[in-house]
Amino acid sequence: MSKRHLWIASTLAIGIVPAQAETIQVTIDKLVFSPATVEAKVGDTIEWVNKDVFAHTATVKGGWEVMIPPKKSASLTLETAETVDYFCRFHPNMKGRLVVAP
């Protein structure tokens, strides 16, 4: 194989590298998850940033729960393609949705 062909082959191989996982931030401020709905992919990480002065959770009924301390952040790496609704266990009126694609 000539050097030219090797260069073309390596250039094409670089183009098929899978997309890197992302970190998606959800801000909590004044008892609101923002954005309320997040679209993500398996392998992405959701990071909740709590700007309130009290603790919150991101809780899926019958599933997982993430504790988010006041003025801190907490995260979860998504492992399953699914759509889930979550809420704060301490403030049930706070609601969010994750739409996770494969």
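Reader: Is tryptophan 64 buried, partly exposed or exposed?
Author: This is a predicted model, where local features need pLDDT of at least 70, side-chain atom pairs count only at pLDDT 80 or more, and totals for chains, interfaces and linings use all residues. Residues are numbered from 1 along each chain as its sequence is written, and side-chain values use heavy atoms, with hydrogens and water left out. Buried means under 20% relative accessible area, exposed over 50%, and partly exposed in between (1.4 Å probe, protein chains only). Tryptophan 64 has a relative accessible area of 21%, so the class is partly exposed.

Reader: And tyrosine 86, buried or exposed?
Author: The relative accessible area of tyrosine 86 is 2%. That value makes tyrosine 86 buried.

Reader: How many aromatic pairs are there?
Author: Rings of Phe, Tyr and Trp (its six-membered ring) pair if their centres lie within 6.5 Å; planes under 30 degrees apart count as stacked, over 60 as edge-to-face and the rest as tilted. By this rule, the number of aromatic pairs is four.

Reader: Which type is the pair of phenylalanine 33 and tyrosine 86?
Author: The ring centres of phenylalanine 33 and tyrosine 86 are 4.8 Å apart. Their planes stand at 70 degrees, so the pair is edge-to-face.

Reader: How many residues apart are phenylalanine 33 and tyrosine 86?
Author: Strands (E, at least two residues) are DSSP runs, numbered from the N terminus. Phenylalanine 33 is in strand β2 (residues 33-34) and tyrosine 86 in strand β8 (residues 82-87). The pair links distant parts of the chain, and the separation is 53 residues.

Reader: Which type is the pair of tryptophan 64 and tyrosine 86?
Author: The ring centres of tryptophan 64 and tyrosine 86 lie 6.4 Å apart. Their planes are at 40 degrees, so the pair is tilted.

Reader: Which residues do ring pairs link into a cluster?
Author: Ring pairs join four names into a cluster. They are Phe33, Trp48, Trp64 and Tyr86.

Reader: Which residues does a cis peptide bond join?
Author: Most peptide bonds are trans. Here a cis bond has omega of about 0 degrees. Its proline sits in the loop between β2 and β3 (37-41). The bond joins serine 34 and proline 35.

Reader: What is the phi of lysine 30?
Author: Most residues other than glycine have a negative phi. Lysine 30 lies in the loop between β1 (23-28) and β2. Lysine 30 is not a glycine, yet its phi is positive, at about 55 degrees.

Reader: And the phi of leucine 31?
Author: Leucine 31 lies in the loop between β1 and β2. Leucine 31 is not a glycine either, and its positive phi is about 65 degrees.

How values were computed
Helices (H or I, at least four residues) and strands (E, at least two) are DSSP runs, numbered from the N terminus.
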